[in-house]
Amino acid sequence: MKVAITGCNGRVGRRVVKLALEQGHTVLGVDVAHSLPSQDPWLSNSEYTFKQADLTNFEVVLDILAGCEAVITLAACPNPGDFKVNAHNGNVVISWNILRACAELGINRVAQASSVNVMTMCFSHKPRLYYFPIDELHPCEPDEPYGLSKVISEMQADTIVRRYESMKIASLRLSWSIPQKSIAQKHNENRAKDLWAYVQEDSGAQAFVLAIEDNDRWSGHERFFIAAPHTAVEEDTQSLVAQHYPDVHVKEGKMPVGTQGLLDCSKAARLLGWYHSDELSQR
């Protein structure tokens, strides 16, 4: 399958390119930045081509995606920046251009990078969390432009599939993507806002590739949390909740055991067949 991967030069995008090539796909990498140096050996694969493009231009997006059978889109400002307009405006335009171009071109398989920051997480002024563990039904009430842009990109996907019913769009709410859990363990200061969560980067990449596979377990637009099943800290999760979130309700029968995480990824397991693995960091 010919797959376009936007944001291919980013930390997550590079791992998605690597995995897609390993699984036999023909990959078109797209990024606003120049192609990366060839120290990533998979970039010399004959099934990989690169195009530099400004994805805020709809006509450019239409031209680049023509002939592709699936799109994995990670092109975005990865944080709120100065918390003013750039992250919001750029992300909202890029996500709509890609989704609308896919509809125009008949590309029915799309996976887009959303974020756990659709909720009030690490970039927020203060948390607005209502229950643990958090699933895809939890309210999304960001107080900053990056999280808002991701909420809007998910709403855009809802809108597109209403009109183009053959399309399948997965919005993957990725946690902090890192090479190894040990990195998260070294940076635990002030991580309560992030719920001490992370995802091993190659395991996260797997979710994107699974989301564009032929799969009759879901249709339309679905949101998925993508995170490790356990926190990155050794402290008991119940103790962390009691200390940092004493007023947040824990759902009946869902009290975390040991270092069990506070993001519920069971939907990704059920519909995508995705399960987190730290062992992929050894590849």
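Trainee: What makes the seven strands an open sheet, and in which order do they lie?

Mentor: In this predicted model, the strands follow the order E3-E2-E1-E4-E5-E7-E10, with parallel pairing. The sheet is open, with strand E3 (48-52) and strand E10 (220-226) as edge strands, each pairing on one side only. From one strand to the next, the twist averages 20°.

Trainee: How do you know that strand E1 and strand E4 pair?

Mentor: Two strands pair if there are at least two bridges between them. Strand E1 (residues 2-6) and strand E4 (residues 70-73) share four bridges, in the parallel sense, and therefore they count as paired. Thr6 stands opposite Thr73 in E4.

Trainee: What makes E1 and E2 a pair?

Mentor: E1 and E2 are joined in the parallel sense over five bridges, against a requirement of at least two. Lys2 has Thr26 in E2 as its bridge partner.

Trainee: Why is strand E2 called mostly covered?

Mentor: A residue is buried when its relative accessible area is under 20%. Five of the six residues of E2 (residues 26-31) are buried, so the strand is described as mostly covered.

Trainee: Why are helices H3 and H4 called roughly parallel?

Mentor: Helix H3 (residues 86-105) and helix H4 (residues 145-163) pack at an angle of about 20°, with their axes 8 Å apart. Angles under 35 degrees count as roughly parallel; H3 and H4 are therefore roughly parallel to each other. The crossing of H3 past H4 is right-handed.

Trainee: Which residues bring H3 and H4 together?

Mentor: Among them are Val92, Trp96 and Leu99 in H3, and Leu148, Ile152 and Ile160 in H4. By class, the contact comprises 11 nonpolar, six polar and one charged residues.

Trainee: Where does H3 lie relative to the strands, and at what angle to E5?

Mentor: H3 lies across E1, E4, strand E5 (109-115) and strand E7 (168-174), and runs at about 165° to E5.

Key:
Residues are numbered from 1 along each chain as its sequence is written. This is a predicted model: local features need pLDDT of at least 70, side-chain atom pairs count only at pLDDT 80 or more; totals for chains, interfaces and linings use all residues. Side-chain values use heavy atoms; hydrogens and water are left out. Axes are lines fitted to C-alpha atoms, for helices over the stretch in contact, and angles run from 0 to 180 degrees between N-to-C directions. Helices (H or I, at least four residues) and strands (E, at least two) are DSSP runs, numbered from the N terminus. Angles under 35 degrees count as roughly parallel, over 145 as roughly antiparallel, 65 to 115 as roughly perpendicular and the rest as oblique. A crossing is left-handed if the near helix is turned anticlockwise from the far one by less than a right angle, and right-handed if clockwise. Contact means heavy atoms within 4.5 Å. Ala, Val, Leu, Ile, Met, Phe, Trp, Tyr, Cys and Pro count as nonpolar, Asp, Glu, Lys and Arg as charged, and the others, Gly among them, as polar. Buried means under 20% relative accessible area, exposed over 50%, partly exposed in between (1.4 Å probe, protein chains only).
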